Amino acid sequence: MWQLAAKLTSRLPAELAHNLTIQALRLGLAPVASKLLLPTKIAGMAFENPVGLAAGFDKNAEAYVGAFRLGFGCVEVGTITPLPQMGNPRPRVFRLTADDAVINRYGFNSKGMRVAAAHLSSRSAKHGILGVNIGANKLSQDKAADYHKSAAHLSRFADYLTVNLSSPNTPGLRDLQHEEGLRACLQAAFDGRDEAGGPKAGRPPIFVKLAPDLDAVELFRSMDIALDCGISGFILTNTTTSRPASLFSALKDEAGGLSGQPLTSLALQKIAEAAKHLRGSGQPAALIGVGGIGSAEQAYARLLAGADLVQLYTALALQGPLMVADLLAGLRAMMKADGLSTIADVKQAGLSAKQAVRHASHVAIESAKLHSDN
Ligand SMILES: Cc1cc2nc3c(=O)[nH]c(=O)nc-3n(C[C@H](O)[C@H](O)[C@H](O)COP(=O)(O)O)c2cc1C
């Protein structure tokens with residue numbers, strides 16, 4: 001029934017389908033996955049499993065309870081801006097079905113931090129780890145000040161905060177991933193969080209979300225600055241502005257950020273580079289792998305390359321809500337086939353991107369064989 005509903009909504013315009021899905025989740029009209037435990041701990045937070053819902057799905061923190069019920073160990077709401085704003089004119093999101101991809105140029109359509117805070121304040125039970133992703137208003141003259149405002153207003157509702165500097169749809173935002181801009185935005189978020197108060201030990205860790213379009217030198221430089229500011233983790237990656245030659249959908253030249261399968265290898269490459277850099281520098285920070293993860297095999301490869309957790313969005317939109325539980329079951333089977341019992345053991349492998357893909361593909365075949373023999 002749920003897959004049928006997903007099929008029906010896939011015939012609707014993408015934004016309408018998304019809005020209907022948010023309402024369905026909000027009203028509890030969605031499947032409830034049985035709990036699958038693959039516990040892991042990062043930045044002082046205990047996750048029931050390492051698969052999270054990426055930012056952009058629940059922009060106004062309306063549907064996170066329903067999203068947790070799909071089986072996610074973590075839901076990241078947002079991006080939330082301080083003031084409400086409409087975002088770009090429609091149409092602004094496009095399915096590239098033949099490429100298993102999406103292009104979006106929403107441009108932070110957000111009801112603003114006050115509305116999000118009202119939704120978050122009614123969080124009664126802890127269903128999992130809740131991340132709050134914050135961004136700047138398009139017309140803001142002082143973008144760093146926006147991160148200060150949102151961190152101050154929202155940190156008490158968050159298990160962690162994400163400073164999003166990598167949306168390609170807010171002019172100038174990606175420039176803040178470098179040098180003084182980066183330092184200023186991160187410092188502002190830390191100051192906002194600390195001014196919000198609460199016991200020091202209870203203040204949420206802060207992550208930064210970066211673009212896949214940074215080259216290795218830029219990525220390492222940004223990571224070093226962020227670590228110097230006290231960042232606890234890196235979310236790699238946001239959507240890409242690049243257009244791989246392999247795309248063949250008619251909509252491939254729409255402006256915006258590309259997500260889904262064509263992003264897989266680029267985002268994996270960034271995780272492998274970041275993991276190597278952290279190993280080399282000896283700095284402890286979490287790595288959250290996002291971008292083109294649509295199967296257990298792809299999630300496993302991301303963990304083998306050094307991610308502590310993974311997140312996804314596009315695959316959920318294109319495959320439907322049952323994919324979360326399927327992916328988790330597949331991931332557990334692959335770990336079992338490899339004789340690994342914890343997510344930390346998987347990350348320990350520290351494979352290169354190429355090795356991770358090769359190994360995950362081999363294990364996927366072996367665990368599928370095992371499954372069919374049983
Ligand atoms: C329609 C859409 C809207 C998005 N909006 C946001 C956003 O508001 N903030 C953000 O940090 N990332 C946003 N993203 C990026 C995703 O969180 C994710 O980083 C990216 O899509 C790659 O993952 P995926 O291939 O699993 O979708 C959005 C992605 C999509 C497809």
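A residue is called buried here when its relative accessible area is under 20%, exposed when that area is over 50%, and partly exposed in between, using a 1.4 Å probe and the protein chains only. By that rule Ala61 is buried, with a relative accessible area of 1%. The model is predicted: local features need pLDDT of at least 70 and side-chain atom pairs count only at pLDDT 80 or more, while totals for chains, interfaces and linings use all residues. Residues are numbered from 1 along each chain as its sequence is written, and side-chain values use heavy atoms, with hydrogens and water left out.

Ala61 sits in the loop between strand 3 (51–53) and helix 3 (64–69). Helices (H or I, at least four residues) and strands (E, at least two) are DSSP runs, numbered from the N terminus. Although Ala61 is not a glycine, its phi is positive, at about 55°. Most residues other than glycine have a negative phi, and most peptide bonds are trans. Phe108 is another non-glycine residue with a positive phi of about 55°. Phe108 belongs to the loop between strand 6 and helix 4 (113–121), and its relative accessible area of 4% makes it buried.

Two peptide bonds are cis. One joins Gly78 and Thr79, with omega of about 10°, and Thr79 lies in strand 4. The other runs from Arg90 to Pro91, with omega near -5°; Pro91 is in the loop between strand 4 and strand 5.

The loop between strand 4 and strand 5 also holds Gln85, which is buried at a relative accessible area of 17%. The side chain of Gln85 makes a polar contact of 2.9 Å with the side chain of Asn137. A polar contact is a pair of N or O atoms within 3.5 Å; within protein, one atom must be able to donate a hydrogen and the other to accept it, and residues adjacent in sequence count only if both atoms are side-chain atoms. Leaving aside residues up to four places away in sequence, Gln85 touches Gly107, Phe108, Asn109, Ser110, Ala136, Asn137 and Lys138. Contact means heavy atoms within 4.5 Å.

Strand 5 (residues 93–96) and strand 6 (residues 101–104) pair in the antiparallel sense over four bridges; two strands pair if DSSP finds at least two bridges between them. Leu96 stands opposite Ala101 in strand 6. Four residues lie between the two strands of the hairpin, where Asp100 takes a positive phi near 55°.

Strand 6 also takes part in the ligand site: strand 4 (74–80), strand 6 and strand 11 (257–260) each supply at least two residues of the shell around the ligand. Of the 24 residues around the ligand, Ala55, Thr79, Lys209, Gly292 and Thr314 come nearest, where a residue is near if one of its heavy atoms lies within 4 Å of the molecule. Lys209 places a polar side-chain atom 2.8 Å from an oxygen atom of the ligand. For Lys59, an N or O atom of the side chain is 2.9 Å from a ligand oxygen atom. Taken alone the ligand exposes 600 Å², and the protein buries 97% of that. Such accessible areas come from the Shrake-Rupley method with a 1.4 Å probe; for residues, only the protein chains shown count as cover.

Ser222 lies in helix 7 (residues 216–229) and is buried, with a relative accessible area of 3%. Not counting residues up to four places away in sequence, Ser222 touches Gln177, His178, Leu182, Leu210 and Leu214.

For Cys229, the nearest cysteine sulfur is that of Cys185, 10.0 Å away. Cys229 counts as buried at 12% relative accessibility. Cys74 is also buried, with a relative accessible area of 3%.

Helix 9 (residues 296–304) is mostly covered, with eight of its nine residues buried. Among them are Tyr300, Arg302, Leu303 and Leu304. Just after helix 9, Gly306 takes a positive phi of about 125°.

Methods
A disulfide is a pair of cysteine sulfur atoms within 2.5 Å.
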